[in-house]
Amino acid sequence: MWDLDKFISMLYSRQLLPESTIKEICEKAKELLCREGNIQYIQAPVTVVGDVHGQFFDVLEIFKIGGYCPDTNYVFLGDYVDRGYYSVETIALLTCLKLRYPNRIQLIRGNHESRSITQTYGFYTECFRKYGNSNVWKYFTDMFDFLGLGVIINDSIFCVHGGLSPSVHTIDQIKMIDRFKEIPHEGPMTDLVWSDPLPNSSTFASDLDRSDFLISPRGAGYVFGREITRKFLEINGLGHICRAHQLCMEGYQILYDDMLSTVWSAPNYCYRCGNKASILEVGPNLERFFNVFSECPDNEREKPNTSEFDNRDSRRMDDLFQDVTENIMNKEIEINDIEDIGANSDLLNKDKDMPEYFS
Amino acid sequence: MNITTILKETKCCDLIKGQVPITIDSTKSVEEGCKELVEHQFTSAPIIDKSTGKIIGMLDYRDLVAFILLVFTKEKDGQDHKIFLDYDRGHKIKYIVENASKLSQEDENNKLSIHLLADLSLKNPTNTLIYNSPVTKAIEIFSNGIHRLILIKEDGSLYGILSQSDIVKYLASIFPVQIPGHTNNSIKWELGEKPISLAKPEFNEVITIDRYSSVMDALRIMYNSTISSIAIVENMGTKKILRGNISMTDIKEVIKNNKWRLLWYPVGNFFEEIRKMQEFENNGLDKVPVYTVGAETSVIKVIQKLAVTKGHRIWIVTEGDSLLSVYSLTDFMKLLKSELDKNQ
């Protein structure tokens, strides 16, 4: 039964939607997104959110701090999945909110909204674990092909996930890109989701004013400086670029005399980086305020049950092997044992304890 | 200005100005030596005998892998220890194994000394060159598969280490950043501007491994095939879809974090763990899972990507992630050498 409000309330309480429902919401989302251009034009006031990476409880924090959709307008800059433990719930919630309030929330594509990235960085594994097959992953990654590439607020603030591209000088050129496909290995679409600005540090002082791009050490996209940013804003009559894609310990970073800013919305990234996060609140007159927050308090978060992620038996076996190998490296074993290693590896042949997998 | 002239007139020492060569004390233990390699992010380093100041060999990740394969393998290989094809290496390893306990007792800190591991792997026999030789001479040596050269001064003392990566870095820097559709190179290099597929028309047979095989299997294949990286693929009909890659140097993540259990993981999972650890160390900056270029990318652009990513090889793909070939630093050295020979 199609009831978006019901789906949304299930998702707010972190209940997984059935596979068939996921299929339906992705189909409907594709139809909706298809009609939206590569660049969406919207009006302030609006709140811009950076990478969330499956940190569902921190997304709930964002709604608590910034206001729930549709009371607050939102622009999400991509990277909804991977790394965190609740990528499925996160992207499902945002997709349902988009279907329910299409003019109140904008979702653009990040570099993680890609089949090859999600197969390496966690989303694929999470879908398989939660649904027993890869269908849900397929539905979502097919839907990702339809996400837009940028948003412009009040004809002044350009929002994109990564950064600028040497192949793109105008907004019109971005509008001409065929975005309905997997993110390619190179080209303007790749650059928009992978590029980074050069930091302001003295190491790069001489590069900041270069008029050419540098190849990015990330393996895709480019790195660009102040001069390139200034020119892009000037040619396109824009006032500011707001992007995400880079972890900021303080939750946000402002560069190039406020021509560009980075907003990062995943606090304590990967549950270990210890960073703050922020959301950018843009007021009706384009006033910008970074609302900084830390990770949601432990008593409000459900820590994942470790047996969900690690097979208890193989962990015991791992520990056993760890002990054995550490002993060898620390040379704590008897002389006889060392001489045995070359001859018959008895030390490592604990057949009766080893699961079949290891034999 | 053409590329041949530039390479002839530039000296090897110019490429590594300001380098502080890292050396390893021959009396250090295996763990300490490898930890030092890891800390300084080198894949090999010369081992110096403290008492004489002489360079007695190079320590390389392949040496460490040889050691791991020996100690941790479950294969019963019989008395002759013929795990390894080369008898001399096997002999050396046998010596270590049989005498490890005695040797470690001689060493004051009761550790297995690193000089025993030096040069276990044939890939880095000690090679030296006078520091002010032209770069063309280094390229000639590198094109034979040598990865690293020890540059010495006239008096025989160590000037620094020149690697294949240093050549690539230099070449990348003398051309402007290549942008698709623009050719604005003031230095003449016809081949450089051609697609990589034309530079090497015969694509090599790439050695691949399925994501469910174990890391130890991967190490074994790499060691026996004398390659330093293996592609993790998913077979789809006749196509092999590139899903990741594992290199000998990934072992450093195991050492650094003491995660020896990872050696028994399926290689696909190991790859994910490695990427996670690397991202954490890289201030949360994520990278593409595997460094790739399309078959149409120009040679110069490929070199620039190799230089920036500090990779030792790059994978050539078509139509998304379908694996076509691999291009290693040695392949580039061979390419450069044939260019230089052509223009003689």
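Trainee: What share of the 344 residues of chain B counts as buried?
Mentor: This is a predicted model: local features need pLDDT of at least 70, side-chain atom pairs count only at pLDDT 80 or more, and totals for chains, interfaces and linings use all residues; side-chain values use heavy atoms, without hydrogens and water. Residues are numbered from 1 along each chain as its sequence is written, while chains are lettered from A and ligands numbered from 1 in the order in which they are written. Buried means under 20% relative accessible area, exposed over 50%, and partly exposed in between (1.4 Å probe, protein chains only). For chain B, the buried share is 57%.

Trainee: How many helices and strands does the secondary structure of chain B have?
Mentor: Helices (H or I, at least four residues) and strands (E, at least two) are DSSP runs, numbered from the N terminus. Chain B comes to 13 helices and twelve strands.

Trainee: Of the contacts in chain B between residues at least 6 apart in sequence, what percentage joins residues at least 24 apart?
Mentor: A contact means heavy atoms within 4.5 Å. Take the chain B contacts between residues at least 6 apart; the part joining residues at least 24 apart is 61%.

Trainee: How many salt bridges are found over all chains?
Mentor: Side chains of opposite charge can pair when their charged atoms come close. A salt bridge is a side-chain nitrogen of Lys or Arg within 4 Å of a carboxyl oxygen of Asp or Glu. A search of the whole structure gives a total of 30.

Trainee: With which residue does A:Arg14 form a salt bridge?
Mentor: The closest N and O atoms of this pair with A:Glu89 are 3.2 Å apart. The pair links distant parts of the chain, 75 residues apart: A:Arg14 is in the loop between α1 (4-12) and α2 (19-34), its partner in helix α4 (residues 87-100). Both residues are buried. The partner of A:Arg14 is A:Glu89.

Trainee: Which residue meets A:Lys130 in a salt bridge?
Mentor: The N to O distance between A:Lys130 and A:Glu89 is 3.0 Å. A:Glu89 lies in helix α4 of chain A and A:Lys130 in helix α6, so the pair ties together parts that are 41 residues apart in sequence. Both A:Lys130 and A:Glu89 are buried. The residue that meets A:Lys130 is A:Glu89.

Trainee: Within what arc do the buried residues of α6(A) fall, seen down its axis?
Mentor: Helix α6 (residues 123-131) of chain A has the buried residues A:Phe123, A:Glu126, A:Cys127, A:Lys130 and A:Tyr131. They line one face of α6(A) because they fall within an arc of 105°. The arc is that of the directions from the helix axis to the C-beta atoms. For α6(A), it is 105°.

Trainee: What is the omega of the peptide bond between A:Ala44 and A:Pro45?
Mentor: Most residues other than glycine have a negative phi, and most peptide bonds are trans. A:Pro45 lies in the loop between β1 (39-42) and β2 (46-49) of chain A. The bond joining A:Ala44 to A:Pro45 is cis, with omega about 5°.

Trainee: What is the phi of A:Asp155?
Mentor: A:Asp155 lies in the loop between β5 (150-153) and β6 (157-160) of chain A. A:Asp155 is exposed, with a relative accessible area of 52%. A:Asp155 is not a glycine, yet its phi is positive, at about 55°.
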